[in-house]
Amino acid sequence: VRWERPRYSRSQVAKCGKRLAKDSVLQSGDLDILHNWRACHAYVLSIFVQGLNRKIKSLELGGIVVTQRLKMKSTIVDKLIQGRSMDLSSMHDIAGCRVICNNLAELEKIRTAFNSRRVLHRRVSDEKFNYLCNPKASGYRGIHDVFSHESKMGEMALWNNLKVEVQYRTHVQHAWATGVEVCDR
């Protein structure tokens with residue numbers, strides 16, 4: 001697979017995000033920057049999904065579902081316009097994956113095991129995204145961890161500091177969140 005490489009500086013990406021937040025009309029240059037920035041996250045996302053699947057297999061747990069997605073361009077722009085993210089260059093959930101577990105005990109086991117690995121990534125979130133301990137007003141429950149890609153190995157360093165959000169939910173929590181999302185649309 002040939003992965004998209006970052007072609008724009010963080011400063012260029014941040015300025016593009018500010019223009020998008022103010023104007024919401026994509027100009028051709030901004031569309032190129034947004035497309036490249038979003039596409040670059042696919043490489044880091046693939047590494048996380050592989051790592052999650054390996055960790056889950058090593059724990060010998062069954063019935064765990066791992067999904068992945070890149071946030072849609074329109075959703076990224078909406079998030080900037082609404083002020084839910086202040087900066088495109090540091091938006092933490094452009095790349096995301098979900099680990100859907102059978103129960104809370106499995107969720108904690110997988111999360112603890114994944115967070116204790118010695119790898120090229122650094123967890124950059126604290127417990128502020130722990131919606132099990134602090135549910136959202138909507139009733140949403142789950143835990144989100146944000147990681148930053150960090151590598152000292154040659155070309156892999158091109159993607160350093162790109163972020164991936166890992167969401168941990170049970171099957172019941174996932175069904176509830178999906179139902180609310182569908183109703184909102």
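Biologist: How many disulfides does this predicted model have?

Modeller: For a disulfide, two cysteine sulfur atoms must lie within 2.5 Å. Take C16: the nearest cysteine sulfur belongs to C40, and that is 13 Å away, so by the 2.5 Å rule C16 is in no disulfide. Applying the rule gives a count of 0 disulfides.

Biologist: And C101, what is the distance from its sulfur to the closest cysteine sulfur?

Modeller: The closest cysteine sulfur to that of C101 sits in C97. That's too far for a bond, because the gap is 12 Å.

Biologist: Is C16 buried or exposed?

Modeller: Buried means under 20% relative accessible area. C16 has 0% relative accessibility, so C16 counts as buried.

Biologist: What about C101, buried or exposed?

Modeller: Same cut-off here: under 20% is buried. C101 comes out at 0% relative accessibility, so C101 is buried.

Biologist: Okay, on to backbone angles. Where is E60 found?

Modeller: E60 isn't a glycine, yet its phi is positive, near 55°. As for its place in the chain, E60 is in the loop between α2 (28-58) and β1 (65-70).

Biologist: Is E60 buried or exposed?

Modeller: Exposed means over 50% relative accessible area. E60 has 71% relative accessibility, so E60 counts as exposed.

Biologist: What is the phi of N161?

Modeller: N161 lies in the loop between β4 (143-149) and β5 (163-170). At 38% relative accessibility, N161 counts as partly exposed. This residue is not a glycine, but its phi is positive, near 75°.

Note on methods
Residues are numbered from 1 along each chain as its sequence is written. This is a predicted model: local features need pLDDT of at least 70, side-chain atom pairs count only at pLDDT 80 or more; totals for chains, interfaces and linings use all residues. Side-chain values use heavy atoms; hydrogens and water are left out. Buried means under 20% relative accessible area, exposed over 50%, partly exposed in between (1.4 Å probe, protein chains only). Helices (H or I, at least four residues) and strands (E, at least two) are DSSP runs, numbered from the N terminus.
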